[in-house]
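Have the sequence and the model open as you read.

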Amino acid sequence: HCRTPLDVSEGGRMDIAAGGLCCPSCASRATFPVTREQIAWMSQTIRQGLMPQKNTGELKKAILLFAVVSGLLGAANSFGEANYANYFKEVYQVTAAQRGFIEFPRELPGVLSMFLISAFGMTSDVTIAFLAQILCCIGMAVMGLFSPSYGMMLFLVFFHSMGQHVFMTIKDAIGMSLAREGEVGRTLGNFRRWWSFSATLG
């Protein structure tokens, strides 16, 4: 294939066989016209790749928002965990054996959450995290406001715990998506440190 310099100020022709722009002398090949704007886009894509460049201002806002949300959720999670034992004892007068059994619906979502996340694989991480927090809120609110029967309480514990486990799994993925290139570890560390600090205050 020739290496004749091309004037693309008015556009050009794309050489399908060679996978690039062609000069008029190569017109015998299968070609199709491309505009100057399309050529500029191809050039930029070759240099920078297909991944969109992150806007610094928007990225800072997103990081701040996620840090605040993580802090509030860390404090709320810690507060709820600290009161679970008293809630079960005062409302349901659970025995030691029953208290041990309650751990089954609380921990089972840890195994099932990966299947749930896989089922929503085409959904954005932020949407999955939002739905997970809805599960948590519904489970906690119904237990706290209505003190349902023991059997219903076990179901709500499972409901609440599923939301917790899904969010704990997906929050690092969100943190990674907010990290600048080469700063993934540092960004995740900052988010986890803020979560832990808020949990301590809760």
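## Helix packing and cores

The crossing of α5 with α6 is right-handed (the near helix is turned clockwise from the far one by less than a right angle). Helices here are DSSP runs of H or I with at least four residues, numbered from the N terminus. The axes of the pair, lines fitted to C-alpha atoms over the stretch in contact, come within 8 Å and cross at roughly 135°. α5 and α6 are therefore oblique to each other, since angles under 35 degrees count as roughly parallel, over 145 as roughly antiparallel and 65 to 115 as roughly perpendicular.

Here is who touches whom, with contact meaning heavy atoms within 4.5 Å.

| Helix | Residues in the contact |
|---|---|
| α5 | F167, M168, K171, D172, G175, M176, L178 |
| α6 | V184, T187, L188, F191, R192, W195 |

By type, the residues of this contact are eight nonpolar, two polar and three charged, with Gly counted as polar.

This is a predicted model, in which local features need pLDDT of at least 70 and side-chain atom pairs count only at pLDDT 80 or more, while totals for chains, interfaces and linings use all residues. Residues are numbered from 1 along each chain, and side-chain values use heavy atoms, without hydrogens and water.

Now to the cores, sets of buried (under 20% relative accessible area, 1.4 Å probe) Ala, Val, Leu, Ile, Met, Phe, Trp, Tyr and Cys residues joined through side-chain atoms within 4.5 Å. The largest has 16 residues, and V166, F167, I170, I174 and L178 have the most contacts inside it. α5 gives the most to this core, six residues.

Conventions. Buried < 20%, exposed > 50% of the residue type's maximum accessible area, 1.4 Å probe, protein only. Helix = DSSP H or I, 4+ residues; strand = E, 2+ residues; numbered from the N terminus. Axes fitted to C-alpha atoms, helices over the stretch in contact; angles between N-to-C directions.
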